[in-house]
Amino acid sequence: MEIDYVTSSVGSLNIGFLNMLHLAAQGDDGLTEYNWRTQKTKDSKAQAARTALEAQTESGFRIFYPSEQTVKASTGGPENAGTICFQSKWWHSPSFPKKVMRDCISQRRGLLMHNKIIFAREKEESIPDEEGPSKAWVYVGSANCSESAWGKLVMDKGTKGVKLNCRNWECGVVVPLRRVRAMGLYEVSESHGRGKGKEGLGMLDGVLTIPMQYEDVEVEYRGKKPWFYVER
């Protein structure tokens with residue numbers, strides 16, 4: 001799956017957490033990552049699967065969060081970026097997956113964004129030719145890209161079973177998409193918009209308004225640093 005996550009806050013991320021989200025986007029119930037994380041004996045097959053997924057996540061998962069440069073250049077400036085949150089200690093952690101970060105620049109010139117949107121779609125080479133249901137979907141809601149928003153599976157010491165620890169209450173809507181015209185494009189239904197392009201997020205543009213600039217999504221921060229509100 002290709003995942004593009006638009007967020008206004010970023011938590012203390014690591015590749016394991018992103019693997020969990022990547023698997024969940026494909027229908028996994030969370031136990032795959034949990035079992036990898038908690039297994040006490042070495043399992044070569046599981047390790048190989050985990051390593052392969054990490055490579056897929058690093059290349060196919062992108063997080064859109066504004067850089068300091070983007071915030072300072074906005075109409076409202078830093079004083080109006082108080083709800084856009086990230087901490088430098090997380091960014092500088094050796095385990096933080098910096099490769100997935102992309103500058104979040106609004107399509108509306110000069111404005112900052114507070115969106116929480118996930119665009120999920122099949123890799124282009126995996127899209128079948130026929131029309132019909134697909135694995136693509138779009139989430140629009142309140143969940144930022146953090147463990148606080150999505151939770152973490154842990155062992156319940158009382159029951160010895162697995163439970164979900166989640167600090168926040170979040171909500172959202174998932175919109176499933178379908179393929180059309182054997183062109184790798186998507187639509188919501190015959191009465192709604194249809195993708196305008198054939199590559200990347202362009203396949204979804206027109207189905208749902210894509211609020212950020214996305215044409216250069218393969219390029220990382222290019223030496224920029226993320227916006228850290230507490231260090232403004």
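**Helix packing**

Modeller: This is a predicted model. Let us begin with helix H1 (residues 15–24) and helix H3 (residues 44–60), whose axes come within 10 Å and cross at roughly 85°.

Biologist: How are H1 and H3 oriented to each other, parallel or perpendicular?

Modeller: Angles of 65 to 115 degrees count as roughly perpendicular, so H1 is roughly perpendicular to H3.

Biologist: Which residues of H1 meet H3?

Modeller: On the H1 side they are Ile15, Leu18, Asn19, His22 and Leu23. Their partners in H3 are Arg50, Leu53, Glu54, Gln56, Thr57 and Glu58. By class, this contact of H1 with H3 has four nonpolar, four polar and three charged residues.

Biologist: At what angle do H1 and H2 pack?

Modeller: The angle between H1 and H2 is about 150°, and their axes lie 8 Å apart. Angles over 145 degrees count as roughly antiparallel, and H1 and H2 are therefore roughly antiparallel to each other. In this contact, Gly16, Met20 and Leu23 of H1 meet Thr32, Glu33 and Trp36 of H2. The contact of H1 with H2 divides into three nonpolar residues, two polar and one charged.

**Pockets and cavities**

Biologist: How is empty space found in a model?

Modeller: A probe the size of a water molecule is rolled over the atoms, and this shows where empty space is left. In the present model, the largest pocket has a volume of about 520 Å³. Its lining comprises 28 residues, and Phe17, Met20, Leu21, Ala24 and Trp150 lie nearest the centre of the pocket.

Biologist: Which elements give two or more residues to the lining of the largest pocket?

Modeller: They are strand S1 (2–6), H1, helix H2 (31–38), strand S5 (132–141), helix H6 (147–150) and strand S6 (152–155). H1 gives the most, with five residues. By class, the pocket lining has 17 nonpolar, four polar and seven charged residues.

Biologist: How many cavities of 30 Å³ or more are there?

Modeller: The count comes to one cavity. The largest cavity holds about 40 Å³ of space. Pro66, Thr70, Ile84, Cys104, Ile105, Ser106, Leu111, Leu112 and Met113 line the largest cavity. Seven of these lining residues are nonpolar, two are polar and none is charged.

**Salt bridges**

Biologist: What must be checked before a pair is called a salt bridge?

Modeller: A side-chain nitrogen of Lys or Arg must lie within 4 Å of a carboxyl oxygen of Asp or Glu. By this rule, the count comes to nine salt bridges. One of the pairs is glutamate 2 with arginine 62, whose side chains meet at 2.7 Å, N to O.

Biologist: Which parts of the chain does this pair link?

Modeller: It links distant parts of the chain: glutamate 2 belongs to strand S1, arginine 62 belongs to strand S2 (residues 61–64), and they are 60 residues apart.

Technical notes:
Residues are numbered from 1 along each chain as its sequence is written. This is a predicted model: local features need pLDDT of at least 70, side-chain atom pairs count only at pLDDT 80 or more; totals for chains, interfaces and linings use all residues. Side-chain values use heavy atoms; hydrogens and water are left out. Axes are lines fitted to C-alpha atoms, for helices over the stretch in contact, and angles run from 0 to 180 degrees between N-to-C directions. Helices (H or I, at least four residues) and strands (E, at least two) are DSSP runs, numbered from the N terminus. Angles under 35 degrees count as roughly parallel, over 145 as roughly antiparallel, 65 to 115 as roughly perpendicular and the rest as oblique. Contact means heavy atoms within 4.5 Å. Ala, Val, Leu, Ile, Met, Phe, Trp, Tyr, Cys and Pro count as nonpolar, Asp, Glu, Lys and Arg as charged, and the others, Gly among them, as polar. On a 1 Å grid over the protein atoms alone, a cavity is a set of points where a 1.4 Å probe fits but cannot get out, and a pocket is an open set with protein on both sides within 12 Å along at least five of seven lines; lining residues have an atom within 4 Å of a point. Grid points are joined across faces, edges and corners, and a volume is the space filled by probe spheres set on the points.
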